[in-house]
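Subject: Structure handover

Hello,

Please find the structure below, with my notes after it.

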Amino acid sequence: MANLDHLKVLRQGASTWNEWREENPGINPDLRNASLIDADLRSSNLSGADLFEADFSMAILDERTSLGCQPPPHSPHRRLLHVERSRPLPEVVRTALARP
């Protein structure tokens, strides 16, 4: 289960979240099983976070959202990391996030 303190910071917006990440570099955020449905994650630094089974359905991401994962270099799905507004997270990203 996700750390509720980490979720509380994330829900305050990208600016607050990214500032908290910079102030706490030794913490790997625990967002396991988090419900991030419809969350505005534009520009959020999620790299290093535990996102196992987090639900990104309809989450808003952009090219500045750092998930800390990428599909293989020659994958036809590389560009799917740049998710359009109000679109479900592509399967290739969900698969990458689900890996332990």
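Asp 30 has a relative accessibility of 16%, so it counts as buried. This is a predicted model, and the values here are computed from it. The side chain of Asp 30 meets that of Arg 32 in a salt bridge, with 2.6 Å from N to O. Arg 32 is partly exposed, at 32% relative accessible area.

Arg 32 also forms a salt bridge with Asp 50, at 3.5 Å from N to O. Asp 50 and Arg 32 lie 18 residues apart, both in the loop between α2 and α3, and the pair links distant parts of the chain. Asp 50 is partly exposed, with a relative accessible area of 32%.

The search of the whole structure gives 3 salt bridges. Another of them joins Arg 42 and Asp 40, whose closest N and O atoms are 2.6 Å apart. Arg 42 is partly exposed at 33% relative accessibility, and Asp 40 is partly exposed at 38%. Through shared partners, Asp 30, Arg 32 and Asp 50 form one network. As background, side chains of opposite charge can pair when their charged atoms come close.

Overall fold and confidence

The protein chain has 3 helices and 0 strands, in the order α-α-α from the N terminus. Of its 100 residues, 39% count as buried. The accessible surface is about 6,300 Å², and carbon and sulfur atoms hold 49% of that. Among contacts with a separation of 6 or more, 35% are between residues 24 or more positions apart.

Mean pLDDT is 78, and 67% of the residues reach 70 or more. Over residues 75-87 pLDDT stays under 50, and the model has 25 contacts beyond four places in sequence for that stretch.

Nonpolar core

Which residues touch the most other members of the largest nonpolar core? They are Leu 31, Leu 36, Leu 41, Leu 46, Leu 51 and Phe 56, in a core of 19 residues. The elements giving two or more residues to this core are α1 and α2, and α1 gives the most, with 3 residues. In soluble globular proteins, nonpolar side chains tend to be buried together.

Leu 7 sits in helix α1 (residues 4-10). Leu 7 counts as buried because its relative accessibility is 6%, under the 20% cut-off. Beyond four places in sequence, Leu 7 touches Ala 2, Leu 31, Ala 34 and Leu 36. Leu 7 and Leu 36 are 29 residues apart along the chain, and their C-alpha atoms are separated by 9.2 Å. With the same exclusion of sequence neighbours up to four places away, the contacts of Leu 36 include Leu 10, Leu 41, Ala 54 and Phe 56.

Tryptophan pair and Ser 44

The model has 1 aromatic pair. Trp 17 and Trp 20 form it: the geometry is tilted, with 5.3 Å centre to centre and 35° between the planes. The two are 3 residues apart in helix α2 (residues 14-23), so about one helical turn separates them. Trp 17 is buried at 0% relative accessible area, and Trp 20 is buried at 16%.

Trp 17 is also one of the contacts of Ser 44 outside four places in sequence, together with others including Leu 10, Asn 18 and Arg 64. Ser 44 lies in the loop between α2 and α3 (91-98), and its relative accessible area of 1% makes it buried.

Regards

Notes:
Residues numbered from 1 in each chain as written. Predicted model: local features only at pLDDT ≥ 70, side-chain atom pairs only at ≥ 80, totals over all residues. Heavy atoms only, no water. Phe/Tyr/Trp six-rings, centres within 6.5 Å; stacked < 30°, edge-to-face > 60°. Helix = DSSP H or I, 4+ residues; strand = E, 2+ residues; numbered from the N terminus. Buried < 20%, exposed > 50% of the residue type's maximum accessible area, 1.4 Å probe, protein only. Contact = heavy atoms within 4.5 Å. Areas by Shrake-Rupley, 256 points an atom, 1.4 Å probe, with all protein chains shown as cover. pLDDT = per-residue confidence, 0-100. Core = buried A, V, L, I, M, F, W, Y, C linked by side-chain atoms within 4.5 Å. Salt bridge = Lys/Arg side-chain N within 4 Å of Asp/Glu carboxyl O.
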